[in-house]
Amino acid sequence: MEFYDVNFSYIDNDSFEETYVSVPEHGSGKLIPEGLSKPGHIYTVSQSKTGMVGVYRLETQVLPGSGKFERTGIGTDRDAKEAANTAFNYLKANSNEISGKISTTTKDYIINYQDLQGIAMTKSLALPTLIAICSAALNKPALSSLAVLGEISISGTLIKVSELANVLQVCLDSGAKRVLLPITAAPDLKAVPYELMAAFSLMFYSTPQEAVFKALCV
């Protein structure tokens with residue numbers, strides 16, 4: 001992170017105007033767009049199976065049905081499938097604590113997982129999946145420019161964010177302006193450059209339910 005705050009520019013010899021230019025190493029800057037997304041669309045940033053930090057988009061569909069849960073875009077990735085299943089099983093056991101309007105028996109849910117940078121899928125998908133399903137079920141979009149960080153176990157235990165400083169840098173490069181992160185990440189913020197941390201509106205959660213409420217602003 002020593003050289004994270006590097007910018008490239010040139011100065012016009014005639015007007016002495018300085019113009020900043022982007023380079024591929026800075027990232028796309030628009031992977032996480034401004035404005036409200038569709039309900040069920042969630043962006044998450046986490047470490048991939050290759051160890052690189054990537055940006056992932058979840059797109060959710062809700063259909064009348066009998067409580068089926070289907071995942072597309074993750075192929076045969078066992079860890080990713082288990083994480084997605086963890087989210088749905090957690091929701092089935094705890095949906096009433098979030099909203100009585102969420103049904104896991106009369107609706108079917110389909111989520112497409114997209115690796116936006118092509119660096120390999122992440123296994124940290126349980127919390128983003130939970131938020132995505134709730135967003136679609138309640139027809140409530142997530143906050144604008146939101147990146148969801150963190151993971152949960154089947155019991156709802158919060159799992160720390162690995163390489164927090166690098167993850168936040170990718171969030172910034174990708175266009176995120178709000179970051180949802182577990183309270184367990186708070187001690188690690190001391191290792192994050194102040195300028196990077198100040199670039200976001202940080203929202204902490206202490207339970208999966210609180211993560212859903214804050215992501216959807218309900």
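Modeller: A residue counts as buried when its relative accessible area is under 20%, exposed when over 50%, and partly exposed in between (1.4 Å probe, protein chains only). The structure above is a predicted model, in which local features need pLDDT of at least 70 and side-chain atom pairs count only at pLDDT 80 or more, while totals for chains, interfaces and linings use all residues. Residues are numbered from 1 along each chain as its sequence is written, and side-chain values use heavy atoms, with hydrogens and water left out.

Colleague: Which residues of helix H3 (164–173) are buried?

Modeller: Helices (H or I, at least four residues) and strands (E, at least two) are DSSP runs, numbered from the N terminus. In H3 the buried residues are Leu164, Ala165, Val167, Leu168, Gln169, Val170 and Cys171. That makes 7 of the 10 residues of H3, so the helix is largely enclosed by the rest of the structure.

Colleague: Against which elements do the buried residues of H3 pack?

Modeller: Packing is read from contact, that is, heavy atoms within 4.5 Å. The partners of the buried H3 residues are strands E3, E4, E7 and E10 together with helix H4 (194–197). Just after H3, glycine 175 has a positive phi of about 105°.

Colleague: Where does alanine 176 lie?

Modeller: Alanine 176 belongs to the loop that joins H3 to strand E10 (178–182). With a relative accessible area of 4%, alanine 176 is buried. Its contacts, leaving aside neighbours within four places in sequence, are Ile32, Ser145, Ala147, Cys171 and Phe200. Of these, take alanine 147: 29 residues separate it from alanine 176 along the chain, yet their C-alpha atoms are 5.9 Å apart.

Colleague: How many residues of helix H2 are buried?

Modeller: In H2 (126–138), 11 of the 13 residues are buried, so this helix too is largely enclosed by the rest of the structure. They are Ala126, Leu127, Pro128, Thr129, Leu130, Ile131, Ala132, Ile133, Cys134, Ser135 and Ala136.

Colleague: Which residues touch the most other members of the largest nonpolar core?

Modeller: In soluble globular proteins, nonpolar side chains tend to be buried together. A nonpolar core is a set of buried Ala, Val, Leu, Ile, Met, Phe, Trp, Tyr and Cys residues joined through side-chain atoms within 4.5 Å. Here the largest core has 40 residues, and Tyr113, Leu130, Ile131 and Leu180 touch the most other members. The elements that each supply at least two of its residues are E4 (53–64), H1 (78–98), E6 (107–115), H2, E7 (146–148), E11 (201–205) and H5 (208–216). H1 gives the most, with 8 residues. Apart from this core lies another, of 23 residues, including Tyr43, Val53, Val167 and Ala176.

Colleague: What does leucine 180 touch?

Modeller: Not counting residues up to four places away in sequence, leucine 180 touches Ile131, Leu146, Ala147, Val148, Leu149, Met203, Tyr205, Ala211, Lys214 and Ala215.

Colleague: How much space lies in the largest cavity, and which residues line it nearest its centre?

Modeller: On a 1 Å grid over the protein atoms alone, a cavity is a set of points where a 1.4 Å probe fits but cannot get out; a pocket is an open set with protein on both sides within 12 Å along at least five of seven lines; lining residues have an atom within 4 Å of a point. Points are joined across faces, edges and corners, and a volume is the space filled by probe spheres set on them. This structure holds 1 cavity of 30 Å³ or more. The largest cavity contains about 80 Å³ of space. Among its 13 lining residues, Ser37, Tyr43, Ala142, Leu143 and Leu146 lie nearest the centre. E3 (42–47) and E7 are the elements that give two or more residues to this lining.

Colleague: Which residues lie nearest the centre of the largest pocket?

Modeller: They are Thr122, Lys123, Ser124, Glu151 and Ile159, from a lining of 24 residues. The space in this pocket is about 370 Å³. E3, H1 and strand E8 (151–152) each supply at least two lining residues.

Colleague: Is histidine 41 buried or exposed?

Modeller: Histidine 41 counts as buried, at 17% relative accessibility. The residue is found in the loop between strand E2 (18–21) and E3. Not counting residues up to four places away in sequence, histidine 41 touches Leu58, Glu59, Thr60 and Ala142.

Colleague: With which residues is threonine 50 in contact?

Modeller: Neighbours within four places in sequence aside, threonine 50 is in contact with Ile119 and Ala120. Threonine 50 lies in the loop between E3 and E4. Its C-alpha atom is separated by 29 Å from that of glutamine 61, 11 residues apart along the chain.
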